[in-house]
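Welcome! Take a moment to look over the sequence and the fold, and then we can walk through them together.

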Amino acid sequence: MTVASGMWQIQLISSPNKTAMEKSWVDLTKKYSQLKGLPHEIESADLGAKGTFYRLKAGSFSTRSEADKLCNSIKTAGGSCLVKKKQ
């Protein structure tokens, strides 16, 4: 699924295992109801000697404040995330 309009997203995890990313999305939406119904995408990042990593990102927010609110609610529930501007 491709993220639509907004310029802000939250990054949930990063891994060198692309196949595990879609399974992780399913697991995370079960664990954090805040993610249900949000668009998500897997972005690849070439980290040179470390290889290619895949970043699982969610949401499409028009303001950083909206993305911060979601990320903070996931952190409060025991998860981790970063707010990122869409590339």
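## A helix and its buried residues

Which residues in α1 are buried? They are M21, S24, W25, L28 and T29. Keep in mind that the model shown here is predicted. These buried residues of α1 pack against β1, β2 and β3. As a general point, an α-helix has 3.6 residues a turn, so residues three or four places apart point the same way.

The helix α1 covers residues 18-31. At 1.5 Å a residue, its 14 residues should span 20 Å, and because the end C-alpha atoms are 20 Å apart, the two values agree. The N-terminal end of α1 is capped by N17, where a side-chain oxygen lies 3.1 Å from the backbone nitrogen of T19.

## The sheet

Now turn to the strands. Four of them make an open sheet in the order β2-β3-β1-β4, and the pairing is antiparallel. At the edges are β2 (40-46) and β4 (82-85), each of which pairs on one side only. On average, neighbouring strands of this sheet are turned by 40° against each other, direction ignored.

For a detail to look up, find β1, which covers residues 8-15 and pairs with β4 in the antiparallel sense over 4 bridges. Here W8 stands opposite K85 in β4.

## How the helices lie on the strands

Back to α1: this helix lies across β1, β2 and β3 (52-61), and runs at about 35° to β3. Helix α2, made of residues 64-76, lies across β1, β3 and β4. Its direction is at about 40° to β1.

Methods
Residues numbered from 1 in each chain as written. Predicted model: local features only at pLDDT ≥ 70, side-chain atom pairs only at ≥ 80, totals over all residues. Heavy atoms only, no water. Pairing = 2+ DSSP bridges. Helix = DSSP H or I, 4+ residues; strand = E, 2+ residues; numbered from the N terminus. Axes fitted to C-alpha atoms, helices over the stretch in contact; angles between N-to-C directions. Contact = heavy atoms within 4.5 Å. Expected span 1.5 Å × (residues − 1). Buried < 20%, exposed > 50% of the residue type's maximum accessible area, 1.4 Å probe, protein only. Polar contact = N/O pair within 3.5 Å; in protein donor to acceptor, adjacent residues only side chain to side chain.
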